[in-house]
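Hi there,

Here is the structure I promised to pass along.

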Amino acid sequence: VYSTFILNQHIISRITDNTVKQVIIGLQSRNIMSAEKDSSDCSKKQTASHNLRNQEPILHMLRKYIPSDDKNQGPNVQVLEIGSGTGQHAEYMSKNMPNLKWIPTDYDESYRESVQEWTCNLPNVHDWIKLDASSPPEEWPFEPNNIDCVY
């Protein structure tokens, strides 16, 4: 599992066993998703098995580079997730790091509802934003300078 983080304009990558840095951008497997029913208010969620496999290593890297503040404080680090897909990472990371304000984005509108379903009861997750990350930052639907970390 390789994850790339951009924190305060520095690229931080997980290092492989042979210490070669890898930067992988925009890769998401979209062909292994299914619909799942949940009995809570969040009734329909898309899932992708690779999210379950890589969520712990990603959380480990986030914790390594983003300091964790007192859990009683509100979110103080804004993390822009590019290519949120199903929303599973938004849910998992925001629950495990309440000091993060997670901002899920994707270009594919079909993920909007799933992200909203996964994160419907989480106060430190921003509403899903449609984002074409290949467009210039000045065209993004928010102020990029207010983002602390890009995942």
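Asparagine 54 sits in helix H1, which spans residues 49-65; helices (H or I, at least four residues) and strands (E, at least two) are DSSP runs numbered from the N terminus. Please keep in mind that this is a predicted model, in which local features need pLDDT of at least 70 and side-chain atom pairs count only at pLDDT 80 or more, while totals for chains, interfaces and linings use all residues. Residues are numbered from 1 along each chain as its sequence is written, and side-chain values use heavy atoms, leaving out hydrogens and water.

Asparagine 54 counts as buried because its relative accessibility is 14% (buried means under 20% relative accessible area, exposed over 50%, partly exposed in between, with a 1.4 Å probe and protein chains only). Its side chain makes a polar contact with the side chain of histidine 89, at 2.7 Å (a pair of N or O atoms within 3.5 Å, where one must be able to donate a hydrogen and the other to accept it; residues adjacent in sequence count only if both atoms are side-chain atoms).

Stepping back, the protein has three helices and eight strands, in the order β-β-β-β-α-β-α-β-α-β-β from the N terminus. Of its 151 residues, 42% are buried.

Finally, valine 79: leaving aside residues up to four places away in sequence, valine 79 touches Ile66, Leu100, Lys101, Trp102, Ile103, Cys149 and Tyr151 (contact means heavy atoms within 4.5 Å).

Best wishes
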